[in-house]
Amino acid sequence: LCEVASCNLDAPCRVFFARLSRASRRHPAGVSSSKRKRDAKVNYGYKGTLGEFKGNTAEAITSLVEKCRNYCVLRTQNDAWIKECEILQQALNGFDEGGVLYLEYTLPGLPRRPDALLLLNGILFVFEFKIHEGRYGKNPSQEDIFQVEAYAGALADYHSASHECPIVPVLIDTGIESIKGELRRARNNIYRATYCHDAHGLKTIVEDAIKNCFNERRIADYD
């Protein structure tokens, strides 16, 4: 993680991401696995600020993810990663470039990993992508919604420092037609999943979350 303190985050969020990247904080953003020690513990495919992420092509970032993960990647998976990066770059353009993004972060105790984690304005966003050719329906499957909500729950349960950090799970399914951006609390600091199908919808969800979670913290401070 690139100097978390410089992002002007709430103290719990700074501690949370400091722990999140403890195993690899000495490595600069975008450094390929070939330049890391072979026995180093790397629990992500890519990390960097939004400014660094925006400054790279989707293909270059995808290449870093593949090298860091060090396993054979199918062409379909590689194409999906490129599409995910393109959507993220479009959606997150214009936000604080000090926000920190992780791709393919491994959660402790779980066999699967969320596609992306974003710490922005003191909020932890959990992004899960489902890339499809064309539309298949109006709404996403409940299984996919449960998946991204489970990732958010695992982060809250495994990292005590995130208890004061709002966690917003977002499903980006390119095969659906609808968007659901309303924030509803599930438990404690975790929100129920929102969903969309493109970069514009994702940008709207992030903007609304920043506005609503900021207002919520202000009200809580006066209680």
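**Briefing: salt bridges and overall layout**

The side chains of Glu-97 and Lys-54 meet in a salt bridge, with 2.5 Å from N to O. A salt bridge here is a side-chain nitrogen of Lys or Arg within 4 Å of a carboxyl oxygen of Asp or Glu. This pair links distant parts of the chain, 43 residues apart: Glu-97 lies in the loop between α4 (75-91) and β2 (100-103), and Lys-54 lies in helix α2 (residues 50-54).

The structure is a predicted model, in which local features need pLDDT of at least 70, side-chain atom pairs count only at pLDDT 80 or more, and totals for chains, interfaces and linings use all residues. Residues are numbered from 1 along each chain as its sequence is written, and side-chain values use heavy atoms, with hydrogens and water left out.

**Chain layout**

- The chain holds 6 helices and 8 strands; helices (H or I, at least four residues) and strands (E, at least two) are DSSP runs, numbered from the N terminus.
- Along the sequence, these elements follow the pattern α-β-α-α-α-β-β-β-α-β-β-β-β-α.
- Of the contacts between residues at least 6 apart in sequence, 65% join residues at least 24 apart; a contact means heavy atoms within 4.5 Å.

**Surface and burial**

- The chain has 223 residues, and 51% of them count as buried.
- Buried means under 20% relative accessible area, exposed means over 50%, and partly exposed is in between, with a 1.4 Å probe and protein chains only.
- The accessible surface of the chain comes to about 11,300 Å², and 47% of that belongs to carbon and sulfur atoms.
- Accessible areas come from the Shrake-Rupley method with a 1.4 Å probe; for residues, only the protein chains shown count as cover.

**Salt bridges and their surroundings**

- The whole structure contains 5 salt bridges.
- Arg-113 forms a salt bridge with Glu-104, and their closest N and O atoms are 3.6 Å apart.
- Arg-113 has 23% relative accessibility, so Arg-113 counts as partly exposed, whereas Glu-104 is buried, with a relative accessible area of 7%.
- Glu-128 and Lys-130 form another salt bridge, with the closest N and O atoms 3.6 Å apart.
- Salt bridges that share partners join Glu-128, Lys-130 and Asp-144 into one network.
- Both Glu-128 and Lys-130 are buried.
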